[in-house]
Amino acid sequence: LADQPGNIWNRAHLGLVYATLGRTREAVGAWRRGIRDVQRSRTTHLVNSAAHAGYAGWLVAQGKPAGRVIADGLRRFPNNLELQWIRARWLMTRHRWRDAIGVLEALLQHRGKRGLDRRLPYPAGIFGADAFEALGTCHFKRREYAAAARCYARAYRNAPGKTEFRVKAELARSMARRRTLTS
């Protein structure tokens, strides 16, 4: 950054490093400066969306208001699939299950696509196990237990080492059977 102070990608990663080290104030400062740099430059290069994604993801993980950062990021970088993933997680924290389902299903449409823009290192789980688990949670919260069971089972198939996904699938199947019996 000393050599390239306007490098938004590097600024975003500095925020990530600070956050990992527990230096929250510095992390937030780095992300906010990166976002300001994006706003000033009006850049549309996808790699420059990292400041929005880093900050928004951290806000959601901390349970802090993130809607404005997510909306600004998606307005500037609508093709950033990580921002879509963060939006789905944020919608889930707001108990907006139906809206989150739509975002997650759209993300899963990118699963296995060769034409996926690889300028950003997307976390693999957002097109697999993590997305299926989140989708299962949304259906479960809506008491759509059969759909939840299918999603949790897909999450388990994508990450067979995560026994919790298998357990969630079994619970959802049990709830679906129970609901059928009482209907």
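1. Axes here are lines fitted to C-alpha atoms, for helices over the stretch in contact, and the angles run from 0 to 180 degrees between N-to-C directions. Helices are DSSP runs (H or I, at least four residues), numbered from the N terminus.

2. The model is predicted, so that local features need pLDDT of at least 70 and side-chain atom pairs count only at pLDDT 80 or more, whereas totals for chains, interfaces and linings use all residues. Residues are numbered from 1 along each chain as its sequence is written, and side-chain values use heavy atoms, with hydrogens and water left out.

3. The axes of H4 and H5 come within 10 Å and cross at roughly 150 degrees, and the two helices are therefore roughly antiparallel to each other. The crossing of H4 past H5 is left-handed, a term used if the near helix is turned anticlockwise from the far one by less than a right angle. On the H4 side Gly67, Ile70, Gly73 and Leu74 meet Leu83, Gln84, Ile86, Arg87 and Trp90 of H5, where contact means heavy atoms within 4.5 Å. By class, this contact has five nonpolar, three polar and one charged residue; Ala, Val, Leu, Ile, Met, Phe, Trp, Tyr, Cys and Pro count as nonpolar, Asp, Glu, Lys and Arg as charged, and the others, Gly among them, as polar.

4. Within H4, the residues Val69, Ile70, Asp72, Gly73 and Leu74 are buried, and what covers them includes H2, H3 and H5. Buried means under 20% relative accessible area, exposed means over 50%, and partly exposed lies in between (1.4 Å probe, protein chains only).

5. Leaving aside neighbours within four places in sequence, glutamine 39 is in contact with Asp72 and Arg76. Glutamine 39 and aspartate 72 are 33 residues apart in sequence, and their C-alpha atoms are 9.4 Å apart in space.

6. Helix H1 (residues 8-20) and helix H2 (residues 24-41) have axes that come within 7 Å and cross at roughly 165 degrees, which makes H1 roughly antiparallel to H2. H1 also passes H2 in a left-handed crossing.

7. The largest nonpolar core has 51 residues, of which Tyr55, Ile70, Trp85 and Leu104 touch the most other members. Such a core is a set of buried Ala, Val, Leu, Ile, Met, Phe, Trp, Tyr and Cys residues joined through side-chain atoms within 4.5 Å. Leucine 104, with neighbours within four places in sequence left aside, is in contact with Trp85, Ala88, Met92, Ala131, Ala134, Leu135 and Cys138. A second, separate core of six residues includes Tyr152, Ala153, Ala169 and Ala172.

8. Arginine 42, in the loop between H2 and H3, has a phi near 60 degrees, a positive value in a residue other than glycine, and counts as exposed at 67% relative accessibility. Histidine 95, in the loop between H5 and H6, has a positive phi of about 60 degrees although histidine 95 is not a glycine, and is exposed with a relative accessible area of 55%.

How values were computed. Angles under 35 degrees count as roughly parallel, over 145 as roughly antiparallel, 65 to 115 as roughly perpendicular and the rest as oblique.
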